[in-house]
Amino acid sequence: MTDLKILAIDTSGKTASVAISDAERLLWEKTVFTKLTHSQVILPMVESALAETGLDYTDIDCIAVANGPGSYTGLRIGVGAVKGICLGAPHIKAAGVSTLLALAYNCVGHEGRIFSVMRARPKIIYGAVFESSGGKIRRITDDKVCSEEEFFSQMEFCENIMLVGDCAAELKAGRFATAENVRTAPVNCILQRASSLCMAVEDDDSLICTADELAVSYLQATKAEKDKAHRG
């Protein structure tokens, strides 16, 4: 996989992020905490990434995207963008990466447990636990959506814990304010970054799929699905 050029797109949360890597280097990355909708900014960011690296879609081998959990609309925008690009450039493979796994890669230099946490709704989080050691990330739990109480009651705590994700600082302040073994990720790494999608795919090529196989993982029913079930 040394020659694999990966374009990565993350629209799963509060940031819009695009990166390009070639397995040896991070060639380009931009992450914007945007008040605009992701649909307005993500494709112009992709075009800037290609233009400023001197690359074209013909040079890209794979497009990685955060496929959930996260913002329903944001996930659809990201996955839809990848499917559209691949439709026009069918040689490009796709890769769907768990948002929580990608957040763990933000902290790949940490030695210990990583708790990736995102706010789903009040008192409810998306969460997963990973082990980080020697620059490698190993999954400990599946991605889940559950109450904060359920998530943390089942967790095996250890000496070094890193919280990462959009509610990491809130959880640190509210639950672990006096716990010296629990820290939050640095401010530049606490939210989604597309370069972490690149690292995840470089470490696990089983994430690569066709554009047709690429799907969103919501972990819970969308509003439309809930409304349909209610009407039923």
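Trainee: Where should I begin with the cysteines, and does Cys189 count as buried or exposed?
Mentor: Cys189 counts as buried, at 12% relative accessibility, where buried means under 20% relative accessible area, exposed means over 50% and partly exposed lies in between (1.4 Å probe, protein chains only). Before we go on, please keep in mind that this is a predicted model, in which local features need pLDDT of at least 70 and side-chain atom pairs count only at pLDDT 80 or more, while totals for chains, interfaces and linings use all residues. Residues are numbered from 1 along each chain as its sequence is written, and side-chain values use heavy atoms, with hydrogens and water left out.

Trainee: How many disulfides does a search of the whole structure find?
Mentor: A disulfide is a covalent bond between the sulfur atoms of two cysteines. Here the cut-off is a pair of cysteine sulfur atoms within 2.5 Å, and a search of the whole structure finds 0 disulfides. For Cys107, the closest cysteine sulfur is that of Cys189, and because the two sulfurs are 6.1 Å apart, they are too far from each other for a bond.

Trainee: How many salt bridges does the structure hold, and how do I read one of them?
Mentor: Side chains of opposite charge can pair when their charged atoms come close. The criterion is a side-chain nitrogen of Lys or Arg within 4 Å of a carboxyl oxygen of Asp or Glu, and the structure holds 10 salt bridges. One of them joins Arg193 to Glu29, with the closest N and O atoms 2.6 Å apart. Arg193 lies in the loop between β11 (182–184) and α6 (194–203), whereas Glu29 is in strand β3 (residues 26–33), so this pair ties together parts that are 164 residues apart in sequence. The helices (H or I, at least four residues) and strands (E, at least two) named here are DSSP runs, numbered from the N terminus. Arg193 counts as partly exposed at 24% relative accessibility, and Glu29 is partly exposed too, with a relative accessible area of 24%.

Trainee: Which residue meets Asp203 in a salt bridge?
Mentor: The side chain of Asp203 meets that of Lys136, at 3.9 Å from N to O. Since Asp203 lies in helix α6 and Lys136 in strand β8 (residues 136–139), the pair ties together parts that are 67 residues apart in sequence. Asp203 counts as partly exposed at 40% relative accessibility, while Lys136 is exposed, with a relative accessible area of 52%. Another salt bridge links Asp143 with Arg139, whose closest N and O atoms are 2.8 Å apart, and Arg139 is partly exposed at 33% relative accessible area. Salt bridges can also be linked in a network, as they are among Arg119, Glu148, Glu149, Glu170 and Arg175.

Trainee: At what angle do helix α1 and helix α2 pack?
Mentor: Two packed helices are described by the angle between their axes and the distance between the axes. Helix α1 (residues 38–53) and helix α2 (residues 72–88) pack at about 35°, and their axes are 10 Å apart; the axes are lines fitted to C-alpha atoms over the stretch in contact, and angles run from 0 to 180 degrees between N-to-C directions. His38, Ser39, Ile42 and Leu43 in α1 meet Gly74, Ile77, Ala81 and Ile85 in α2, where contact means heavy atoms within 4.5 Å. By class, this contact has 5 nonpolar, 3 polar and no charged residues.

Trainee: Where is the place of Asn67, and with which residues is Asn67 in contact?
Mentor: Asn67 sits in the loop between β4 (62–66) and α2, and at 13% relative accessibility Asn67 counts as buried. Neighbours within four places in sequence aside, its contacts include Leu75, Val79, Gly96, Thr99 and Ser217. Asn67 and Val79 are 12 residues apart in sequence but 6.7 Å apart in space, C-alpha to C-alpha. Pro69 is found in the loop between β4 and α2 as well, and the peptide bond from Gly68 to Pro69 is cis, with omega near 5°.

Trainee: What is the phi of Ala23, and where is Ala23 found?
Mentor: Ala23 has a positive phi of about 75° although it is not a glycine, and Ala23 is found in the loop between β2 (15–21) and β3. Leu219 also has a positive phi, near 75°, and Leu219 is in the loop between β12 (208–209) and α7 (223–231). Ala23 is partly exposed, with a relative accessible area of 33%, and Leu219 is partly exposed at 33%.

Definitions and conventions
Ala, Val, Leu, Ile, Met, Phe, Trp, Tyr, Cys and Pro count as nonpolar, Asp, Glu, Lys and Arg as charged, and the others, Gly among them, as polar.
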